[in-house]
Amino acid sequence: MTCPFLRTSHKYIRVNEVFIVLSKLRNGHSAFIIFVIAFHLWFLLDVQSASNKFENLMLIIPLVTASLIIGLGILVGVVREPTSLSGQNNLPKIDRRIPLLMIVLCFYFLGLLFLTFDIATFLFIFFSLIILGERKIWVGILYSIISTAIFVFGLKFMISVPVPTVLG
Amino acid sequence: MIDFSPFEAAISLLYADIHVWLVIVPGLLLGLVFGAIPGLSISICMAIFLPITLYMDFVPAILFLTAIFTGGGFGCAIPAILMNIPGTSASVATTFDGYPMAKRGDHNKALGIALASSVFGAGLSYAILLIFIGAISNFVLKLGPTEMFIVALWGISLIAVLQDNFFLRGLLAGVFGLSLGMIGISNLGVLRGTFGSVYLFDGIPAIPALIGMFAASELFNLMRSDYLVVDEEKRKMNLGQIVIGMKSAFYHPLIMVRGGLTGTIIGAIPGVGSSVANLISYALTKRKYNKTETFGRGDERGVIASESANSSSEGGSMATLLALGIPGGGGTAIMLAAFAAHNVTGGPRFLSQNTDIVYAIIFGNFVQVGLLALIGMGFIFVASSIVKVPLRYLIPTVMVLALLGSYAHTGSMVGPATVTVFSILGWVMRRYNYPVAATVIGILLADLVEGELLRSYQLAGGRLFQYIMDRPITMILLSLFMLSLCIPAIRKFSEIRAKA
């Protein structure tokens, strides 16, 4: 991550400083702040394109201004933080299972949308159990079946929420 | 003040009808169950059981619904303490110290504290309602849109003020929440930020967003350990600890009384209610007692402040409903529907002509509060067994509950989609120390903030600044709001001076 031109001349040291700032901006925190600022700017443009009336913009303009000022203020703080070049601060390492479970959660949502509630729920619980360390497959299957039956059919028959299912 | 002739009539009304008492226990249990299941809020429970009230007389019907309200007011604290999931927005502040207490193994005590504070808060609010119902309604009538606007903004900014080291992040999270809450059709009928999707016309659904940000995002972080409470010895269910917790709440009577008063006053403001009351009470308590910096790390006073305030806001919202006929939130809106179904219209005339019924409702609620202490104790004894469940089973189960609960709430796939997106967003925000509560409160109150600002502008005829200057209540509230924003800066400055 360090710049190869470091310590060769003043000019290259400046290049290295820019490189450090950019590497810090590349971390997750900076990405989040930039996302929030970008969202506000896009939102302002969207609102403005819908209606240019003052009443329509009177809350959004102060909010966008505040997000810009505060966001940039935090961003400057992130850049100034005495961190390693990777910009990871002292945050705990991300458990590899977290992104996996996030993906499974997204698939669960798609399953609810395109499959049926009982099948999607069974699959989600089963695969989550495996990801989270359940080694006994039969326990995973049994637990998934029981909890699916309780939650999905409880929702359908006890609270009368119409949910699409294969069974029942 | 109390009128004694209807006072006696109310007592005879309650003793003449056995049905009045038969509905209270089922109502409390339903409220506890629905409040304790994330996604299934008090409003859902009341809406589901509203048709049953059509077969009851007016007083039992209202007492049944208020029993659900009272049970749910405490029920939402159970997932807040045990899983860091506020059952409703009313228990957001309960998570700040309740959950750290549970992680430390003090879940029994935390639940006992929450129960005692809820019982005390609800009881106090009904006592205030009994004595000052007229005065409360007069005060609420004086609040205009500018005051409501400032109170709502205050509620959002409070989370930032509570963030000791990350004030700016708290503010950005609040601003972000407000903007997200403005997605959808505006008060002027303009479509904003919907990407042309019909599912976003009504905006981002607040309850699924709340579930995603609080529940699912925290569940991702829980993967590191095997159980919610790591120490096996501390996982035991202990009725004695629950009782000790209940007792220890009474070691802080001032916090409970202040929380109760705060909740009653703020609960009486339509649209704001318990979502803001618990935060303001928590902030006031933290500011007064946080010399040892224990708040946010499992300080029982935080739980007392939040729970006494959110439970007492029930009495406040009932004051507005009974005296003005204005519902303060989802629960009282359903109660208003029950009023209409029984051909009763709440408001000043109802209050003056049916004072005996109003008093009967208040007395019935005193009994409910007493019963909640007993039923609640048994309920939390069962509910606290959740700490014994290995997290590999708990995490997917709660996630399924969150997604299905959000589906039940919205009646469409918008709910599960919102939970999924906001769980990932919430996890990112938590990782970089952004308070998700600020964003959630922003989403919840955005509609109110924008609506009140627009009404203020219209009432002022375009001269908003002049209008604000002419309203002393607005000026006082604005000054207090600005002062609360300056507090972190003042604290930081004094810390730097002390170090120098």
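Trainee: Which residues have the most contacts inside the largest nonpolar core?

Mentor: Good place to begin! The largest nonpolar core has 184 residues, and B:Ile81, B:Val440 and B:Val449 are those with the most contacts inside it. Keep in mind that this is a predicted model. Helix α8 (residues 107-142) of chain B gives the largest share of this core, 14 residues.

Trainee: What is B:Ile81 in contact with, leaving aside its neighbours within four places in sequence?

Mentor: Its partners include B:Thr94, B:Gly98, B:Tyr99 and B:Met101. B:Ala102, B:His107, B:Ala110, B:Leu111 and B:Ala114 are also in contact with B:Ile81.

Trainee: Let me step back to chain B. How many helices and strands does chain B have?

Mentor: Chain B has 23 helices and two strands. Of its 500 residues, 60% count as buried. Among the contacts in chain B with a separation of 6 or more, 79% are between residues 24 or more positions apart.

Trainee: Could we take one residue as an example? Is B:Val161 buried or exposed?

Mentor: To decide, count the C-beta neighbours: 20 or more within 10 Å make a residue buried. B:Val161 has 22 inside 10 Å, so B:Val161 counts as buried. You will find B:Val161 in helix α9 (residues 145-162) of chain B.

Trainee: Which residues does B:Val161 touch, not counting those up to four places away in sequence?

Mentor: B:Val161 touches B:Ala283, B:Ser484, B:Leu485, B:Ile487 and B:Pro488. Take B:Ala283: it is 122 residues from B:Val161 along the chain, and the C-alpha atoms of the two are separated by 8.0 Å.

Trainee: Now the two chains together. How many residues of chain B are in contact with chain A?

Mentor: On the chain B side there are 45 residues, in contact with 47 residues of chain A. The elements giving two or more residues to this side of chain B are α10 (167-181), β2 (191-192), α19 (391-410), α20 (414-431) and α21 (436-459). The largest share, twelve residues, comes from α19(B). Sorted by class, the side of chain B that touches chain A has 33 nonpolar, six polar and six charged residues.

Trainee: How do I read the direction of two helices, such as α5(A) and α20(B)?

Mentor: Compare their axes: an angle over 145 degrees counts as roughly antiparallel. The axes of helix α5 (residues 97-114) of chain A and α20(B) come within 10 Å and cross at roughly 170 degrees. The two helices are therefore roughly antiparallel to each other. From α5(A), A:Met102, A:Leu105, A:Cys106, A:Phe109 and A:Leu112 make the contact. From α20(B) come B:Pro416, B:Ala417, B:Thr420, B:Ser423 and B:Ile424. By class, this contact has eight nonpolar, two polar and no charged residues.

Key: Residues numbered from 1 in each chain as written. Chains lettered and ligands numbered in written order. Predicted model: local features only at pLDDT ≥ 70, side-chain atom pairs only at ≥ 80, totals over all residues. Contact = placed C-beta atoms within 7 Å. Helix = DSSP H or I, 4+ residues; strand = E, 2+ residues; numbered from the N terminus. Nonpolar A, V, L, I, M, F, W, Y, C, P; charged D, E, K, R; others polar. Axes fitted to C-alpha atoms, helices over the stretch in contact; angles between N-to-C directions. Parallel < 35°, antiparallel > 145°, perpendicular 65-115°, else oblique. Core = buried A, V, L, I, M, F, W, Y, C linked by C-beta atoms within 7 Å. Buried ≥ 20, exposed ≤ 12 C-beta atoms within 10 Å, placed from the backbone.
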